Structure formats: structure tokens, C-alpha cells
Amino acid sequence: MNGKHLIFMALTLCALLSGCASTGQPAPNPTALSVQTTGPTAEEATLAPTERPAATPEPQADFERTDMEHARRIMEREGDYILLDVRTLDEYNEGHIPGAICLPNEEIGDQAPEQLVDRDQLILVYCRSGRRSQQAAEKLAKLGYTHVVEIGGILDWDGELEK
């Protein structure tokens, strides 16, 4: 047999085999979109409604924001607050707002800081420019502190500094 006969026989065999495999259903259209709706999985169907895993929402990180001028008025008016400097200890030692305590943002983790005993006390949070104070305020709010006010950065403070 020559090469043409082999190719012809191979093509004929393929045509016959593909015709025998037909199921009578139309061939799927690869460009068509299909939507499949399914019910619960077997595992979900056997669970009672109270046993189904519920989505747990992320705790809200509620805190207020204000500018340094308003913060100054709050400090003049309020007597019971904590002024929290969340810069590094070196930055704090170079100069901080009088009365501030240092708790670097990097040290605020998933446990309540021991310097902040009362979760309902007014806490005014600042850093150098406002980025770390926002991060710290979010962390404190997630830890359950209820009266956190982020006041921006010491760069906006025009009062005296303590060393």
C-alpha cells in the first residue's frame, strides 16, 4: 500500500468511529455561556440550619478623626484623656506634645496595651504626619477602645514641645 491509501483508510476509520460514538444530543457549543444552578451540597443538606457555618463579619474599627487645632480645644476642655504618641521612642525623646505618653504603633498588637487600662477613656492619638496614628487608632478600635480620636501628626502642632 502506498501513503495515499494509508491516509484514506485512517480518515475513513476516524469518520466511522466518530459516527458510532454519537449520543443523539447536539454537540456542545464552546462559545455559548452556560449557567448551572445547584442546590446545597450533600454535606450542607444534612446540616440543621443552626449548624451551618455563618459568615463572621470583621469587627468595625470605629474611631474619630479631627485636626490638631480641634484637638487642642479638646485638651483645654477635657480633663480625663490620654494623649498617645505612637512614634518610636527616639522620635518621642526628640520632642513630644506635653503630657503625651509613648506607645509606638509597632508595639500595638492583638492584646490591650497595659498603658491603656480604661477602654472607654478618651484617647487622642498622634504621630509624625498622621499615617501611623491612623493605623494605631484602627488597631485600638478593633481591640475594643470606644473613644479613640486620631488627631494627625506633630508636624501640625504649633505649641511647645517637651523633651
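I began with the pairing of E2 (81–85) and E4 (122–127), and found that these strands run parallel over five bridges; here two strands pair if DSSP finds at least two bridges between them, and strands (E, at least two residues) and helices (H or I, at least four residues) are DSSP runs numbered from the N terminus. The model is predicted, so I kept in mind that local features need pLDDT of at least 70 and side-chain atom pairs count only at pLDDT 80 or more, whereas totals for chains, interfaces and linings use all residues. Residues are numbered from 1 along each chain as its sequence is written, and side-chain values use heavy atoms, with hydrogens and water left out.

**Strand E4 and its partners**

I looked up Ile 82 and noted that its bridge partner in E4 is Ile 123. Ile 123 also stands opposite Val 148 in E5, where four bridges join E4 to E5 in the parallel sense. From E4 the chain crosses through H5 to E5, and this β-α-β crossover is right-handed, meaning that with the strands pointing away from the viewer the path from the first strand over the helix to the second runs clockwise.

How many residues of E4 are buried? Six of the six are, so E4 is largely enclosed by the rest of the structure; buried means under 20% relative accessible area, exposed over 50%, and partly exposed in between, with a 1.4 Å probe and protein chains only. I checked both faces of E4 and found them covered, with Leu 122, Leu 124 and Tyr 126 buried on one side and Ile 123, Val 125 and Cys 127 buried on the other.

**Helix H5**

For H5 (residues 131–142) I compared the 17 Å between its end C-alpha atoms with the 16 Å that its 12 residues should span at 1.5 Å a residue, and the two agree; the expected span is 1.5 Å times one less than the number of residues. Its buried residues are Arg 132, Ser 133, Ala 136, Ala 137, Leu 140 and Ala 141. They cover an arc of only 165° around the axis, which puts them on the same side of H5, the arc being that of the directions from the helix axis to the C-beta atoms. What covers these buried residues includes E2, H4 (89–94), E4 and E5 (148–153), and after H5 comes Gly 144, whose phi is positive, near 100°.

**Salt bridges**

I noted that the structure holds six salt bridges, each a side-chain nitrogen of Lys or Arg within 4 Å of a carboxyl oxygen of Asp or Glu. In one of them, Glu 150 pairs with Arg 65, with the closest N and O atoms 3.5 Å apart. Glu 150 lies in E5 and Arg 65 in E1 (residues 64–65), so the pair ties together parts that are 85 residues apart in sequence. Glu 150 is buried, at a relative accessible area of 6%.

I then turned to Asp 158 and Arg 72, whose side chains meet in a salt bridge at 2.3 Å, N to O. This pair links distant parts of the chain, since Asp 158 is in the segment after E5 and Arg 72 in H3 (residues 68–77), 86 residues apart. Asp 158 is exposed, with a relative accessible area of 64%.

**Leu 103**

Last, I looked at Leu 103, in the loop between E3 (101–102) and E4, and found it buried at 3% relative accessibility.

Note on methods. Contact = heavy atoms within 4.5 Å.
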